[in-house]
Amino acid sequence: MILYTSFLKPFIDFLAALLGLLLLSPLLLAVWMALAIANQGKPFFFQQRPGKNGKIFTIVKFKTMNDKKDDLGNLLPDAERLTLVGKIVRKTSLDELPQLLNVLKGDMSLIGPRPLLVEYLPLYNEEQQKRHNVRPGITGWAQVNGQNAISWEQKFELDVWYVKHLSFLLDVKILFLTIKKVLVSEGIAAEGQATMEYFKGE
């Protein structure tokens, strides 16, 4: 396991991310242009996220929501800011593809617990903190077992289970299950919401 997590997994991540960016460049360009039009010239979303051992990095994704605000200057609810193009991009998980750049930089892995918001860090209990013992991933065990359609508690249990059982065969299984999930568009949002609700701690 140590050989895989310390050497083989990072090497596979780098090669796969580089190959993915090269092969998918026409698709990435098309999505980039469509979102630039839909979001008034803002096709990308940048945000600080915690990585391995809680180290902060900047994640990059395609921007699926515009920045429309109410009369008081507050952002409108997610469901109202999600553009038509954004809905398609999110449903097909194309919004995640720019994170291949994060994988190339070594901030992320192809497979691992999803990097969540920085403000969640002090809310985790000791067990939940273990999700940061490995590099975060574009997809992971929680994503193929419900993604945003399961509770936070279930998601964290799945994340920690992955950390404790990480292996090459498990990563291969997650990869194929991810392809299946994308094809059938399962678990994109929590029930009754456009996105996942905020984590408020226990």
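Buried here means under 20% relative accessible area, exposed means over 50%, and partly exposed falls in between (1.4 Å probe, protein chains only). The model is predicted, so local features need pLDDT of at least 70 and side-chain atom pairs count only at pLDDT 80 or more, while totals for chains, interfaces and linings use all residues. Residues are numbered from 1 along each chain as its sequence is written, and side-chain values use heavy atoms, with hydrogens and water left out.

Turning to charged pairs, a search of the whole structure finds 10 salt bridges, each a side-chain nitrogen of Lys or Arg within 4 Å of a carboxyl oxygen of Asp or Glu. One of them joins D95 and K61 at 4.0 Å, N to O. D95 sits in the loop between helix 4 (84-91) and helix 5 (100-105) and K61 in strand 2, so this pair ties together parts 34 residues apart in sequence. Helices (H or I, at least four residues) and strands (E, at least two) are DSSP runs, numbered from the N terminus. K61 counts as buried, at 14% relative accessibility, and D95 does too, at 4%.

Another bridge, at 3.4 Å from N to O, brings D67 and K42 together. Here both partners are partly exposed: D67 has a relative accessible area of 32%, and K42 comes in at 44%.

Then there is S109, in strand 3 (residues 109-111). At 1% relative accessibility it counts as buried. Leaving aside neighbours within four places in sequence, S109 is in contact (heavy atoms within 4.5 Å) with residues including K9, D13 and R135.
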